Amino acid sequence: MTLSPQSFDLEISRGVAQITLNRPERLNALTFEIYGELASTFRSLERADEARCVVITGKGRGFCSGGDVEGIIAELFARDITGLVEFTRVTGALIQAIAELRRPVIAAVNGVAVGAGAVIAAACDMRIFAESARIGFIFPRVGLSGADMGASFLLPRIVGRGRAAELLFFGDLVDAAESLRIGLANRVVPDAEVVPTARAWAEKLARGPAFAHRMTKQMLESEHGLTLAAAIEAEAQAQALCMAHPDFRAAYEANKEKRAPRFLGAEIVDPKPEGQGGGAA
């Protein structure tokens, strides 16, 4: 477990951990080392109180172009089925680590996101797209199933089963405007604003109630497949836990005093909370 990665950049400030893939000459293609170190870093962030939200992006013209053709794909032809399963489990472990991190994760999709890069973006809680960004689950173009790294689990929950089937069977790239139309992108912004916008969202979340945000993410994940009655009961218990947390009283007291709340562990305070005219604490 490490928060000092060697194969990509990690910076933590103002409550936000920003991961920047840093192989711009390869459109941030993934190597064996990057897969493992990314998964390890996301697991480690679970214990990093100073990181209350995560942004992942890529340096240069690409978000992530998937597995590196020279560094990974060529080697896979030399592996037997046991070795191939070992590799596919490693790639899936990265997606699981992103999805299971009990902090909001935002993808700033600054360029092409294909293959593993597309699944990484899908595993994030929200996606900000640059106007020039394109995304594609291109696995069938190389003779593979679109169901890779959890894509067939994640994508239907974002865009619905029919559109997910279209994306995973054809493997076509879709642009930012189409991604926004089908719900795969939360926002589309000018290219120069994609990382600043993602960071602004992340910093706003970092100022918020981290315990409640963890609960929200837990419920979004665990309620999938529950009956309505079971989901309502799960949320009843979760919300009761939030009401017993100091953040609930902090918000109440701040509202009475017409000032911004300072939630437990937050480094910074929102100076002008919506609906209130009070200043910073």
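I started with Arg14, which is partly exposed at a relative accessible area of 42%. For my own record: buried means under 20% relative accessible area, exposed over 50%, and partly exposed in between, with a 1.4 Å probe and protein chains only. Arg14 sits in the loop between strand S1 (9–13) and S2. Helices here are DSSP runs of H or I with at least four residues, strands are runs of E with at least two, and both are numbered from the N terminus.

Before going on, I noted that this is a predicted model, where local features need pLDDT of at least 70, side-chain atom pairs count only at pLDDT 80 or more, and totals for chains, interfaces and linings use all residues. Residues are numbered from 1 along each chain as its sequence is written, and side-chain values use heavy atoms, with hydrogens and water left out.

Most residues other than glycine have a negative phi. I then went to Met149, which also isn't a glycine and has a positive phi of about 60°. Met149 is in the loop between S8 and helix H5 (151–159), and at 8% relative accessibility it counts as buried.

**The sheet**

Next I looked up an open sheet of four strands, in the order S4-S6-S8-S9, with mixed pairing. Its edge strands are S4 (62–64) and S9 (173–175), each pairing on one side only. The twist averages 20° from one strand to the next. Two strands pair if DSSP finds at least two bridges between them. S6 (residues 112–114) and S8 (residues 134–136) pair in the parallel sense over three bridges. I also checked Ala113, and its bridge partner in S8 is Ile135.

Which strands does helix H4 lie across? Helix H4 (residues 116–123) lies across S4, S6 and S8, and runs at about 95° to S6. Axes are lines fitted to C-alpha atoms, for helices over the stretch in contact (heavy atoms within 4.5 Å). Angles run from 0 to 180 degrees between N-to-C directions.

Is Arg23 buried or exposed? Arg23 is buried, with a relative accessible area of 19%. I found Arg23 in the loop between strand S2 (16–21) and helix H1 (32–45). Its side chain makes a polar contact with the side chain of Asp68 at 3.0 Å. A polar contact is a pair of N or O atoms within 3.5 Å; within protein, one must be able to donate a hydrogen and the other to accept it, and residues adjacent in sequence count only if both atoms are side-chain atoms. Leaving aside neighbours within four places in sequence, Arg23 is in contact with Asn28, Ala29, Thr31, Ile34 and Asp68.

Lys217, in helix H9 (residues 210–222), is buried too, with a relative accessible area of 4%. What does its side chain reach? The side chain of Lys217 reaches the backbone oxygen of Ile98 at 3.4 Å. A polar atom of that side chain also lies 3.0 Å from the backbone oxygen of Arg103. Beyond neighbours within four places in sequence, the contacts of Lys217 include Leu101, Val105 and Asp125.
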